Number of protein chains: 4
Amino acid sequence: MEKGFEVITRTTVPELDSILGKPFQVLDDGFVRLIDYLGTDASIVQAARVSYGKGTKKVREDRELIRYLMRHRHTSPFEMCELKLHLRVPMDTWRQWIRHRTASVNEYSTRYSEAINVHRKTAAHEWRLQAAQNRQGSEGWLDEKTGEHFSQQELDLHKLALQIYEERLTAGIAREQARKDLPLATYTEAYWKIDLHNLLHFLKLRMHPAAQLEIRSYAWIIGQEIVKRWCPLTWEAFLDYLFEALVLSRSELEIAKALIAGDNEKGIRLAQKLGFISDNTTTVKRNLECREFEEKLHRMGLKIPWLKKTSP
Amino acid sequence: MEKGFEVITRTTVPELDSILGKPFQVLDDGFVRLIDYLGTDASIVQAARVSYGKGTKKVREDRELIRYLMRHRHTSPFEMCELKLHLRVPMDTWRQWIRHRTASVNEYSTRYSEAINVHRKTAAHEWRLQAAQNRQGSEGWLDEKTGEHFSQQELDLHKLALQIYEERLTAGIAREQARKDLPLATYTEAYWKIDLHNLLHFLKLRMHPAAQLEIRSYAWIIGQEIVKRWCPLTWEAFLDYLFEALVLSRSELEIAKALIAGDNEKGIRLAQKLGFISDNTTTVKRNLECREFEEKLHRMGLKIPWLKKTSP
Amino acid sequence: MEKGFEVITRTTVPELDSILGKPFQVLDDGFVRLIDYLGTDASIVQAARVSYGKGTKKVREDRELIRYLMRHRHTSPFEMCELKLHLRVPMDTWRQWIRHRTASVNEYSTRYSEAINVHRKTAAHEWRLQAAQNRQGSEGWLDEKTGEHFSQQELDLHKLALQIYEERLTAGIAREQARKDLPLATYTEAYWKIDLHNLLHFLKLRMHPAAQLEIRSYAWIIGQEIVKRWCPLTWEAFLDYLFEALVLSRSELEIAKALIAGDNEKGIRLAQKLGFISDNTTTVKRNLECREFEEKLHRMGLKIPWLKKTSP
Amino acid sequence: MEKGFEVITRTTVPELDSILGKPFQVLDDGFVRLIDYLGTDASIVQAARVSYGKGTKKVREDRELIRYLMRHRHTSPFEMCELKLHLRVPMDTWRQWIRHRTASVNEYSTRYSEAINVHRKTAAHEWRLQAAQNRQGSEGWLDEKTGEHFSQQELDLHKLALQIYEERLTAGIAREQARKDLPLATYTEAYWKIDLHNLLHFLKLRMHPAAQLEIRSYAWIIGQEIVKRWCPLTWEAFLDYLFEALVLSRSELEIAKALIAGDNEKGIRLAQKLGFISDNTTTVKRNLECREFEEKLHRMGLKIPWLKKTSP
């Protein structure tokens, strides 16, 4: 039986091998390091083709197949690739990170060892202002002058917290308890292993402008520095079909269709009926969904008919 | 501390309680029965609001919040609801079903007990033809006359397979081995428990026209008869934002934008550049992605400029 | 087909219904509240029996069946029950909790809302000392006099951290960033939903003496106050077969067998050969595995033959 | 920052590289082929040590650390290794295999391609008899003479089923429907990727004598031919602490303790009280748990005091 079988060698990606172990800096003292990997674009194709078996007579091009899989959300072949990273991340960022349950994790233990004595510091120009519309976002920056005050205050707090931590240890207090008042900005480290399908899901959410700046910085580094080198065809398809795709709901499509047909009156009527806008005589009040939709209309090159009479 | 806390009673959905245990027939001898459930639309809202905590001053309407969560793929609140079904499904359909790994399953054991002696039968008018374009689909029907032959042949095969199975058992052969040649069409039963988020993912894939008819029949029953009664706001949002949404890739958006702007020449040029069409002098050859895209253009009310010179 | 089917009502556990919403206090300001549940002991039996189908002629008692399932690690029927809790937990405890990836979680968002302004405080007599042998544990207590100093210092730190947090907010700094230096002892809240199988796994690890005191306190409350009321037969079987079971490795069994047979010399020889002890002329050096094994021997009522010449 | 970092090369296991792609035959026409892998024993140690961080002053030996992790069920470091296999398995075995939900799977699609036209055949001496005690097991063999009849009958059925399948295809019936009556013994193929922790769980259950012979054959091949070469220290620890461990429940421990102390009367009294045995004047009736316990007593070298008066 062994006759018919091809000889196999492990998948290797020279572009990745050359950066194995290299720390890509993120934030002031964080990093992402590639430790190991399994598979590449070719492994996705290989796994997909077992599904197609001998039936596939005409050889599809790898790129076309990967794009097909991504387009149709055939996600299982992307699980055939695996990435293992070594991370240094502030604990408050890690709190978001760890919510992705599909990864394998070994985190530095501050029960077993002394905490890493480094905290995420904020430079005077890095303090962000609360967003006005988006309750869970930030926009714009605090003036640097005021920022200086907060940065100095932050340094003092870090110093104090660390001092108290060390005083506790010196007194013999257990590490597991001494650590309890470390700032959330304290760095932690971890090995983090995840398959490509779940990694792309992580990246889609965390590279998004709505993600918090800190985790977004890590996500872009992982995407641009590692995934792009590792599985270039998948990365391209990911950007095209997932990350930069435009999704129209049934309601949005209905309105857009009217606008495409040039029937602005119908578009406005539909927007009212679907609750996107409410007409208050002279000005139009748009809900959150409507404001999000307007951005999509803009991407399609469509004019927003209700905007001319919108309140400022 | 107990002062500030509200008294709680379990979430109950009277519309569901009235169908508990009722078998909804699927195929010739399959069924879906609702056994139990946890939560409802209100539980999703409750879970989402813990994230928003005391900060939420203005009370958002439940419907609007659920639509917001669905639109932005905030999936975790939907995990707070759980459904438990009793199913009877042919084994070849079950082979597809079980690929959804996020459910809890207890299946009828043919190691422990004798196999269910019922097989999925195909009526003379139910034989489907292999799709021409889609290698993994069917389209149209075999003529009923020929169908009669295959239906009779099928009955005979079922009878023979069952007879052999029983002969083996009578001879004392272990059930775990005797079952080995039962037809894939043999029915099996299972308890299947899944949370609402993962159920919606299941339904999105399995209610889709590209899903095989058999599993599609089950999916629609679960959706229309159970989920719609259970979480009506979520069901509505699911249809609007997930199931009937229109997704445009970056490339498709580029072409669509040109067509919306009325620049058909640019649309065609882009379609060529992006590999959607290739011009062979008089006729246009479209790839699979292009044919899928044309359906989207149709939904947007856009004309397909390259179609006038397409080969039949 | 509907004829043969039994009418169903939802599983209800009156003992649980009477404590729905009741906060069980844990630590100084934490709590566990039962919000909802699905199933009970009877649901486990029901799910297990579908596997046994019609083949089961003799009705096994529920208790015996549940014990059988637990003993043989037939875990899937226990997944048929689901628990939903509302928790208030210090963030450094939550960091351990969230490592259990099989639960559904909605956590209070300090991006969206202001942080809960309560921190886990340590009373003067609650400071624990680092364990000597176990690098990741604690044993014994700091004297209360010194404890007073640390408790006051802690209060001051909490106050300062909160003050800085609020100063940042007042200056308009985004909540997502202002929170970065809150102490790990800050309380958070979450809805946490998990099936019984995975909950028992959580309890097995977190009720264990080696678990940190804080999370252990939560685990015991969940076990004793909720699971015991919810699924009493399962709880009993869990304690008997999982939590209080004695596990002997192949090596340990070999040594134990010699000791049971009264052949102490052979026991010692095996312990040496297997690396448990190394004889240094007059005293015996035991490795960590050996010390753990001695506790097992003690539970079996076996004397430890090498102890007579052990170093103090 | 990059200064302090070590240069990294990928983990490689020469013993595995030399068998990459080699099909290990299982059953009459099945196989297991190693396609790729990530990590090895050293990766487990590396991941565990991040938890211990700089705090680990004394360098523990790798072997001892791996044994410690296995003994204490610290499972996460074992997730850092990953195995990818190519399998050919009869569908009725695959039905059991696929119940392990923690793997990534791409299976050969009989919607897309024609089914593999090979079925698991049973030789005349391979027909197993239903076990008397164990409802879900087999024991002993059918006489070869009778076996010949069943083997011939099986061949005829396979031939007929295949013929009908092909007749359907020839008539244009869709592959997704034509396959519906293939025997469960039809072979399928898949890529199967799983981390080492979950693989060991799979092996623990499927290498067990209670597992069905067919899947057991695959499990042992994977264990002995692949895992043992891949992570020899882990394999050794797995056998010692998991696979060949002896687990005593609280009740069993109580009885065993009495027997170890030589108090047979107390042992019998406890066994009665705990429901293991019921005394019917002259003979003793033992329940299933008791019979399982007796095997454990045997492994410990303890006599069974109630056996002298047991019914045959």
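Guide: In helix 12 of chain B, the buried residues are B:Cys290, B:Phe293 and B:Leu297. Here a residue is buried if 20 or more other C-beta atoms lie within 10 Å of its own, exposed if 12 or fewer, and partly exposed in between, with C-beta atoms placed from the backbone.

The model is a predicted one, in which local features need pLDDT of at least 70 and side-chain atom pairs count only at pLDDT 80 or more, whereas totals for chains, interfaces and linings use all residues. Residues are numbered from 1 along each chain as its sequence is written, while chains are lettered from A and ligands numbered from 1 in the order in which they are written.

Helices (H or I, at least four residues) and strands (E, at least two) are DSSP runs, numbered from the N terminus. Helix 12 of chain B comprises 13 residues (residues 288-300), which at 1.5 Å a residue should span 18 Å; the end C-alpha atoms are 19 Å apart, which agrees. The expected span is 1.5 Å times one less than the number of residues. Just after helix 12 of chain B, B:Gly301 adopts a positive phi of about 80 degrees.

A positive phi also occurs at A:Leu27, where the value is near 55 degrees in a residue other than glycine. A:Leu27 sits in the loop between strand 1 and strand 2 of chain A, and it counts as buried because it has 20 C-beta neighbours inside 10 Å. In chain C, C:Leu27 has a positive phi of about 55 degrees although it is not a glycine. C:Leu27 lies in the loop between strand 1 and strand 2 of chain C; with 20 C-beta neighbours inside 10 Å, C:Leu27 therefore counts as buried.

Turning to whole chains, chain A contains 12 helices and 10 strands. Its division is into domain 1 (2-116 + 185-243), domain 2 (124-181) and domain 3 (250-309), with bounds that come from an automatic or database domain assignment. The C-alpha centres of domain 1 and domain 3 of chain A are 39 Å apart. Chain A has a radius of gyration of 25 Å, whereas a compact globule of 312 residues would have one near 20 Å; the radius is taken over C-alpha atoms, and the globule rule is 2.2 Å times the number of residues to the power 0.38. Along the principal axes, the C-alpha atoms of chain A fill a box of roughly 75 × 75 × 30 Å. Of the 312 residues of chain A, 46% count as buried.

Finally, the contact between chain C and chain B takes 48 residues from chain C and 48 residues from chain B, two residues being in contact if their C-beta atoms, placed from the backbone, lie within 7 Å. Elements giving two or more residues to the side of chain C that touches chain B include strand 2 (30-38) and helix 2 (41-52) of chain C.
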